[in-house]
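Subject: Structure handover

Hi,

Here is the structure we talked about. Please have it open as you read; my notes follow below.

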Amino acid sequence: MDLSFVVLQFLTGLAYASSLFLLAVGLSLIFGALGIVNFAHGSFYMLGAYLLYWVVRGDPEGLWWGLVVVAALGFVIGAATERLLLRPVYGRPEHYQILLTYALLLVIEDGVKLLFGSAYKSLGPPAALAYPVWIAGAPFPAYYFVQIALALAVAGALWFFLQRTRSGALVRAATQDREMLEALGVNVPRLLTVVFAMGIALAALGGAATLPMQTVSPGIAVEAVISAFIVVVVGGLGSVWGALLGAFLIGEIQAFGVLVLPEFSIAFVYLLMVVVLLVRPWGLLGRPPAVRT
Amino acid sequence: MVDVLEVSRVRKSFYGFVALDDVSLRVEPGRFHALVGPNGAGKTTLFNVIVGRYRPDAGEVRLEGRRLTGLPTHRVVRGGLGISFQRAQAFLSMSVLENVTLAVLAQEGRTRAAWRPLRDEREARERARELLGWVGLAERAGEPAEALPLGDLKRVDIAMALAGRPRLLLLDEPLAGLSRSERREMVRFIEELLRGLGLTLLFTEHDTEAVLRLADRITVLHQGRVLAEGAPDEIKNDARVVEAFLGE
Amino acid sequence: MKTNAWILAVLALLLSAPWWLPDYGLEVAIQALILALFATAFNLVFAETGLLSFGHAAFFGAGAYTVALLMQRAGWPYLLTLPAAVLVAGLLALVIGFFSVRTSRIYFTMLTLAFAQLVWAVVHKWYAFTGGDNGITGLHPGALWGDARALYYLALLLFALGFYLVRALHNSPFGYALRAIRDNPARAEAVGLSPFGYLLAAFTLSGALAGAAGFLQVAWQRSAFPDFLYWTKSAEAIIAAILGGAQALFGPALGSLVFVELGAFVQSRTEYWPLVLGLVLLALVLFLPQGLAGLGGGGRARG
């Protein structure tokens, strides 16, 4: 195996990791701040792809502004979902939230089928990127670099937002101690709505960003949410860097695993999830729960 | 005369923070022994070490000479120690009688039976009624535990702790959450019941008035160490103790 | 008195069903019974211990594949595969439970999900042994069990046995111990109960029963597919249990009946069954937290 081949595989893994990151980071945020396991997360990811398809009306050149529009739509839809459906069930035992988000999964999946039909949809990249980059004698789609760049940009922006802005500090605080925030007079319900909306916007953006390279169909939601869970569990529930690390690991394991053990590379990923949950349940970069003496 | 409980030179730290440092304690038969100290002094940590929730880094815990150190809680309880945790009162999905019946069965190691209803465990139910009678809750046996006020729940809790005919009863903040009058009621109740049964008691408590009334002997913890130990009058007038409490 | 009359009426209806139900109705009834057994098995863990397992499909599928493999590879007669299915599913539950019941709440759910997906991933690709994603097809349970009426009674019998077992457990000291551990783990330990053994036993039994449901599925569907192991199968049991009311002993069965009937009804009119189901669930969560059993004011039957 020569170096350039390894590089190709590595880049392929990165591309996959990029879409995983965008899919999973929102889930992590939502779990961190709201404590909700969002089974519908993959559905919003899928919805994002469909929305992009619809917004650009089949014109790949519309990708750039389309992504922006989809992110905005995702934000609005997320906010509405939280406000109307999730807020009434706060304080109830966890399984209600799971049931509710699973119900959402069903509604969105079928709703999309109703609105768009069940045929696969695809878009293709903008003309400027519709050419392959040759690495190791194999074509590597130029668009993948856009995805990688987008993931990194989002990670950077999130980091900046969370660490360097006041609102971001509030979001971080929400993942640690919601009661304290209330005591400080922060409008916590609205903060939670915003965080949820952000998480959904990120998922939608992630889904939309894959459309130029990947066909979308109603069935991808069910798989996507599991992939998101894996990333978040491995990387750390509630951690943005964890989502990045987790996505990276899963992406590369898939990319190289396919060469070594083609049939069981997915099984290997689940095995990793099991091991992490057994040995370090809060994930590689997550925070262990506080020790109470 | 063997001490009912002997705690020797127990040490416990968490991630470098020393919660208990060389703590020793002896509870003599029939005594009501109080463990007091400001918040963070280590009372609950010591309590948890004794009952087996934490394993001490060093030191021993013995009940009538038998080693308890390192045993998990469910084994400690079957070895003659009755426990009531501070916030852990009763099983709210069951009736009062079912709560105590379960405690009785658990002590006898008979909770693995899966083939006959709890209802049919006559002996255990009788014993449970007896225990409820001791704590004055016999008429409320059929009520759901979640309908009980806090004071009564604590009594159910004590009934459960007595299920195994313990040598020593361990109560963690038995008065927490009660109003002033309820506290006085509870103190009287504990005194009458346990003196009547001839039980030995080790309890942690914040309420100084109650401690002074109830205890024969007091151990004061401060910052993980034993600051003072003695009869209530001695402790009340001990300058170091007063200072430690004022400083909190 | 009044309850007994109801029970007798329902029993009479159930026992005579093959005679008054149309053929299609009988097929639906069998499906409902299979799901009822599966959901009741799942609910044994969920209601008694409070732990939400998202991996019960693994036990359902393990039972089904055991049946399928024994029939296809070793020529076993259908009925004989039942003890094997229950045993294999139970063993798998023992292993997975051994690692999982030490954890709690969201970690437990994630771990059971991960284990089940792991099993799915292996089965789904292991063409040599399990047929991979083609599954194992063309199975015939024999002349007797291939008849819908006989299968119906078999399913009814197994469901009744499973239900009776769960009910007996619920009322026994063991059941109370489980609920004590659920209500207040610290207090449970303080009366002398060690949670691990109890939780593991409940989980294992639950898995074994789920395997029995898988056994039935193979007769009805005449095949075994990796889908039986996918997490959406686990979700079916969870929905049925919560829909019917997890706190009632008959809740999962009721929920299964409604789920399957509603599904059959909707699917005959429109292809958008998931949409309808999703909306029903949303309404349920928002307006009927106790599930359907809560409508009748039915608490956990202290029967």
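The contact between chain C and chain B takes 20 residues from chain C and 32 residues from chain B. Bear in mind that this is a predicted model. On the chain C side, helix 8 (148-171), helix 9 (173-183) and helix 10 (185-190) each supply at least two of the residues that touch chain B. Helix 9 of chain C gives the largest share, seven residues. By type, the chain C side divides into eleven nonpolar, five polar and four charged residues.

Helix 9 of chain C also packs within its own chain. Its partner is helix 11 (residues 195-221) of chain C, at an angle of about 115° and with the axes 10 Å apart. The crossing of these two helices is left-handed. From helix 9 of chain C come C:A177, C:L178 and C:I181; from helix 11 of chain C they meet C:P195, C:Y198, C:L199 and C:A202. What kinds of residue make up this contact of helix 9 with helix 11 of chain C? Seven are nonpolar, with no polar and no charged residues.

Now chain B, starting with helix 6 (residues 180-197). This helix has 18 residues. From first C-alpha to last, helix 6 of chain B reaches 26 Å, close to the 26 Å expected at 1.5 Å a residue. Its buried residues are B:M186, B:V187, B:I190 and B:L194.

What do the buried residues of helix 6 of chain B pack against? Their partners are helix 5 (150-161), strand 7 (168-172), strand 8 (200-204) and helix 7 (208-214) of chain B. The face of helix 6 of chain B turned away from the buried side carries exposed residues: B:S181, B:R188, B:E192, B:R195 and B:G196. Just after helix 6 of chain B, B:G198 takes a positive phi of about 70°.

Also in chain B, look at B:A244, in helix 9 (residues 239-246) of that chain. Leaving out residues up to four places away in sequence, B:A244 touches B:P38, B:H222 and B:L227. B:A244 and B:G37 are 207 residues apart in sequence, yet 8.2 Å apart in space, C-alpha to C-alpha.

For contrast, take C:V95 in helix 4 (residues 81-100) of chain C. C:V95 is partly exposed, with 13 other C-beta atoms within 10 Å. C:V95 and C:A32 are 63 residues apart in sequence and 29 Å apart in space, C-alpha to C-alpha.

Two backbone points to check by eye:

- A:R57 has a phi near 50°, a positive value in a residue other than glycine. A:R57 sits in the loop between helix 2 (41-56) and helix 3 (63-86) of chain A. A:R57 is exposed, with 8 other C-beta atoms within 10 Å.
- B:E64 has a phi near 50°, again positive in a residue other than glycine. B:E64 lies in the loop between strand 4 (58-63) and strand 5 (66-67) of chain B. With 16 C-beta neighbours inside 10 Å, B:E64 counts as partly exposed.

Best wishes

How values were computed. Residues numbered from 1 in each chain as written. Chains lettered and ligands numbered in written order. Predicted model: local features only at pLDDT ≥ 70, side-chain atom pairs only at ≥ 80, totals over all residues. Contact = placed C-beta atoms within 7 Å. Helix = DSSP H or I, 4+ residues; strand = E, 2+ residues; numbered from the N terminus. Nonpolar A, V, L, I, M, F, W, Y, C, P; charged D, E, K, R; others polar. Axes fitted to C-alpha atoms, helices over the stretch in contact; angles between N-to-C directions. Left-handed = near helix turned anticlockwise from the far one by under 90°. Expected span 1.5 Å × (residues − 1). Buried ≥ 20, exposed ≤ 12 C-beta atoms within 10 Å, placed from the backbone.
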